Amino acid sequence: MTRFLAAIFLFAIIWSAQSAKILVNFPMPAYSHFSLGFRLAKELADRGHQVTVINPYPQKTPIKNYKDISVEEHVEFIEELKKNLFGMNNMGFVSNINFLLMMCSNLTERTFINKNVQQLLNSEEIFDLVITEHFLNEAHFGLAHHFKAPLVVVSPGAANSLTNHLTANPSPSSYVPNIMTGFTSHMNFWQRTTNFLANIVYDGMREVIMMPIQRKLFKKYIKSDLELDDVLFNASIVLTNSHISVQDAVPHVPNMIEIGGFHVKPPKKLPDDLQKFLDDSKEGVILFSMGSNLKSKDLKPEVREGILEAFSKIKQKVLWKFETELEGAPKNVKIMKWLPQQDILAHPNIVMFISHGGLLSTIEAVYHGVPIVGIPVFGDQEANIAAAASKGYAVRVPLKELSEEKLSWALNEILNNPKYRENIKQRSKLMQDQPLKPLDSAIYWIEHVIRHKGAPHLRSAGLDLKWYEREMIDIILFLTLVTILLFIVFYIIIKKIIRSCCRKKQVKVSRTKKNK
Ligand SMILES: *[C@@H]1O[C@H](CO)[C@@H](O)[C@H](O)[C@H]1NC(C)=O
């Protein structure tokens, strides 16, 4: 009987470690962002954890162990802004960032004042872990502080100047390109100069424009004596949506872990008509989608006509995600309002992916080994396509230059030059060749943080330094000053010696003159 009780007791202990209560915060009203959080939350729920998910896309049918805290009104707020997404292509670097900063500060506050979130904050709920997306919403790090739980941060992109400072991750301007410059990691002298300045502008905007707003929001909505800066650098781990098969090899401190590719699902069966369309198209099919935020219907009419003209000249079929009716489409073009992108990319007859170069689309193309024609529009898309082109698995067609000739050139390049396909197949192999599948790796590290109630052992000592100490600026200034002082002392001594020498000579000279 005692043994039986002991067994139950032991089981209870193991179970409580295995089943944690986790708060997941993914409030960005963009499906690409949410899909990352959902993939993690769903997997954690499937593995027996209790997840509570702050998100704008609540489930229609309940999922076991998965509870929604809905902020669905965010979707409406952003719908207006989305109409002008193609316009962001013409905005400069600074206005692009400024637009994002303002939108995201607004969303950060909207999340806090949402009544469901308020209810949660005022409840007696206890969490063993908080996972939050990091996208210009640092005040949300306060959720972990509020619930006295360790924090896991998920970055929707690769390590960049917005995330690096959270972990003191080194990112020298000399070989780590700023995400907004569109450079690759091999930069010439002027590119390195631009990159250096871009990093300063980026860091400056973060500190001067964004952080003061986030600090205020933290103070306003998190009841605590502490400041945001006391909790900002306390994340146990930062999971980045990147992998060397897609991005450049750049430094990562031990608590910054790459899980890129984790969102890709094993291919599901396609709808019958689509399956037949793809199976029957022996000459190959080109998938064309500008992602979930940009709408192909918003392309200028003359651009759309150019595209159709280019398509009419090839023998391959084209599957285009197009949101309305499309008049004048040639016979080989099939439009669909929505399409299961990952499952289509997995089909062996897909020969090319024409894409806006969103990170998720790029990762999916690499995963399935499909070469890309990239038409980047805004944000990180330029950088993603620049990296892909430099690695020889994509060609870039700037939105401003998109025309029949330019697209025909790109289509022929990918269709007739086998190097693109070979390169991306190689990249695909790299993505699959890992000790743990990306999703398993993500779960492993999340559970590692739960098991150890945080991960201070992974924290870089760089976080305990001021930025100028970390960058050695104080030491360089000190040594420069010492060198200047030494030169001055040296100069004075030399001057003294020369003068006294001259005087002696003069004295000598005048004496010899007298003697004559
Ligand atoms: C920092 O994180 C640790 C565990 O991850 C936690 O115990 C501690 O309370 C956190 N500090 C603050 C100020 O929130």
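Guide: A polar contact is a pair of N or O atoms within 3.5 Å; within protein, one must be able to donate a hydrogen and the other to accept it, and residues adjacent in sequence count only if both atoms are side-chain atoms. This is a predicted model, in which local features need pLDDT of at least 70, side-chain atom pairs count only at pLDDT 80 or more, and totals for chains, interfaces and linings use all residues. Residues are numbered from 1 along each chain as its sequence is written, and side-chain values use heavy atoms, with hydrogens and water left out.

Visitor: How far is an oxygen atom of the ligand from an N or O atom in the side chain of Asn234?

Guide: The distance is 2.4 Å. His145 also has a polar side-chain atom facing a ligand oxygen, at 3.0 Å.

Visitor: Which residues surround the ligand?

Guide: A residue is near a molecule if one of its heavy atoms lies within 4 Å of it. Here the ligand is surrounded by His145, Pro150, Leu226, Asp230, Val231, Asn234, Ser236, Lys453 and Gly454. Taken alone, the ligand exposes 360 Å², and the protein buries 58% of that. Such areas come from the Shrake-Rupley method with a 1.4 Å probe; for residues, only the protein chains shown count as cover.

Visitor: How do the residues of this shell divide into nonpolar, polar and charged?

Guide: Ala, Val, Leu, Ile, Met, Phe, Trp, Tyr, Cys and Pro count as nonpolar; Asp, Glu, Lys and Arg as charged; the others, Gly among them, as polar. The shell has three nonpolar, four polar and two charged residues.

Visitor: How many residues and helices does the protein have?

Guide: Helices (H or I, at least four residues) and strands (E, at least two) are DSSP runs, numbered from the N terminus. The protein has 19 helices and 13 strands. Buried means under 20% relative accessible area, exposed over 50%, and partly exposed in between. Of the 516 residues, 51% count as buried.

Visitor: Which residues have the most contacts inside the largest nonpolar core?

Guide: A nonpolar core is a set of buried Ala, Val, Leu, Ile, Met, Phe, Trp, Tyr and Cys residues joined through side-chain atoms within 4.5 Å. The largest one holds 48 residues, and those with the most contacts inside it are Leu23, Ile54, Met103, Leu120, Val130, Leu136 and Leu151. Elements that each supply at least two residues of this core include α4 (93–113), β5 (151–155) and α8 (189–221).

Visitor: Why is helix α13 described as largely enclosed?

Guide: Nine of the ten residues of α13 (residues 359–368) are buried, so the rest of the structure largely encloses this helix. Among the buried ones are Leu359, Glu364 and His368. The cover over them includes α2 (31–46), β11 (350–355) and α16 (419–432). Just after α13, Gly369 takes a positive phi of about 65°.

Visitor: Is Ser245 buried or exposed?

Guide: Ser245 counts as buried, because its relative accessibility is 0%. Ser245 sits in the loop between β6 (237–240) and β7 (256–258). Its side chain makes a polar contact of 2.7 Å with that of His243. Contact means heavy atoms within 4.5 Å. Leaving aside neighbours within four places in sequence, Ser245 is in contact with Val366, Tyr393, Arg427, Leu430 and Met431.

Visitor: Where does His33 lie?

Guide: His33 is in helix α2. At 13% relative accessibility, His33 counts as buried. His33 and Pro156 are 123 residues apart in sequence, with 6.7 Å from C-alpha to C-alpha.

How values were computed. Buried means under 20% relative accessible area, exposed over 50%, partly exposed in between (1.4 Å probe, protein chains only).
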